[in-house]
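Have the viewer open as you read.

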Amino acid sequence: MLKIGIVGCGAIGTFISKKVADGTIKNTKIVALYDRNIEKAISLSNIVKAKICRDVDELVRGDLDLVIESASVHAVEEVAEKSLKNGKDVLIMSVGALADKELFLKLKKLAKSENRKIYLPSGAIGGLDAIKALKLGEIKEVVLKTTKPVCALKDALKNLGYEPEKIKEEVMVYEGDVFEAIKNFPANINVAVVLSIATEYSAKVVIVADPKIKLNRHEIFVKSSIGTLKVCVENVPFEENPKTSALAAYSAVRLIMDLAEPIKVGT
Ligand SMILES: NC(=O)C1=CN([C@@H]2O[C@H](COP(=O)(O)OP(=O)(O)OC[C@H]3O[C@@H](n4cnc5c(N)ncnc54)[C@H](OP(=O)(O)O)[C@@H]3O)[C@@H](O)[C@H]2O)C=CC1
Ligand SMILES: O=C([O-])CC(=O)C(=O)O
């Protein structure tokens, strides 16, 4: 029985928990929950009957195997470091935090010394299986163009000085490197960081706000000496959090299911 603790009981944390509760993910139990918003932890505990923890320390000290971080980029360092030091594997959804190379290397070293794993799901994009193989050649270019409805980008746009309600046509709101992208859009562009980690190449990121689009679209372009990959995913967003695509949560569910599979499909 795989015992899981969840930090961050929003759209993704709740979705994964429901897939454990309904038996989609077998031989697994959610045993502990923590969210800075206690109401969210309480409402999730009504579904999975897990212990509500006061903080990350209490959660990582519990009897569990895997901690899922589904909170925010700001939570990653504490959750991952404490999980690994307490002998737990960790699955990180807010991969954007790892754009910080120092943090990435620190956690990698810690996972190795503690003989634990850090799982970074493909999240809301596809193609990482092929991209990891393309990386064995020479990567020449990596581009991610993300187009989301204005409502999904609202908070980040306000911080950048846009008036979201005045956006009536498709507008490019960001073009630049992955580091500035995740700084400015921390809840929208974690996918750019997982893409950069997989390719070990700083992705060029373009973000478009489109008042007419209903889906979250990610167009991925990777050019390597082995070949070129173009993938476009158009994801249904979560109703309760339109910033987040359902595929991101499904990808974590799939990753957890695959941990127990004797046959591994894909790279
Ligand atoms: N890798 C990928 O492809 C994707 C990654 N993501 C990322 O995954 C994470 C979870 O997404 P989602 O479930 O949609 O987010 P939600 O906002 O729906 O849920 C996150 C929950 O975590 C809580 N929280 C935030 N920071 C902390 C913290 N430091 N400690 C404890 N709880 C915290 C939030 O509280 P409050 O409401 O107070 O903020 C909220 O209840 C986000 O960082 C998101 O950007 C999302 C989509 C794709
Ligand atoms: O869910 C998505 O479409 C992508 C996303 O928010 C992220 O990568 O942070």
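## Ground rules

This is a predicted model, where local features need pLDDT of at least 70, side-chain atom pairs count only at pLDDT 80 or more, and totals for chains, interfaces and linings use all residues. Residues are numbered from 1 along each chain as its sequence is written, chains are lettered from A and ligands numbered from 1 in the order in which they are written, and side-chain values use heavy atoms, with hydrogens and water left out.

## Around ligand 2

The shell of ligand 2 is made up of Ala 124, Lys 148, Ala 187, Asn 188, Ile 189, Asn 190, Val 191, Asn 216, His 218, Lys 243, Thr 244 and Ser 245; a residue is near a molecule if one of its heavy atoms lies within 4 Å of it. Sorted by class, that's four nonpolar, six polar and two charged residues. Here Ala, Val, Leu, Ile, Met, Phe, Trp, Tyr, Cys and Pro count as nonpolar, Asp, Glu, Lys and Arg as charged, and the others, Gly among them, as polar.

Oxygen atoms of ligand 2 pair up with the protein in several places: 2.9 Å from a side-chain N or O atom of Lys 148, 3.1 Å from a backbone N or O atom of Ile 189, and 3.1 Å from a polar backbone atom of Lys 243. On its own, ligand 2 exposes 270 Å², and the protein buries 95% of that (Shrake-Rupley areas with a 1.4 Å probe).

## His 218

UniProt, in an unreviewed entry, puts an "active site" feature at His 218; such annotations may be inferred rather than shown by experiment. His 218 sits in strand 10 and is buried, at 1% relative accessible area (buried means under 20%, with a 1.4 Å probe and protein chains only).

What does the side chain of His 218 join in a polar contact? That's the side chain of Thr 146, at 2.9 Å (a polar contact is a pair of N or O atoms within 3.5 Å; within protein, one must be able to donate a hydrogen and the other to accept it, and residues adjacent in sequence count only if both atoms are side-chain atoms). Leaving out residues up to four places away in sequence, His 218 also touches others, including Lys 148, Val 191 and Ser 245 (contact means heavy atoms within 4.5 Å).

## Ser 94

Ser 94 lies in the loop between strand 5 (89-92) and helix 5 (101-113), and is buried with a relative accessible area of 7%. Its side chain makes a polar contact of 2.7 Å with the side chain of Glu 69. Among the residues Ser 94 touches, not counting those up to four places away in sequence, are Val 73 and Asn 190.

Note on methods:
Helices (H or I, at least four residues) and strands (E, at least two) are DSSP runs, numbered from the N terminus. Buried means under 20% relative accessible area, exposed over 50%, partly exposed in between (1.4 Å probe, protein chains only).
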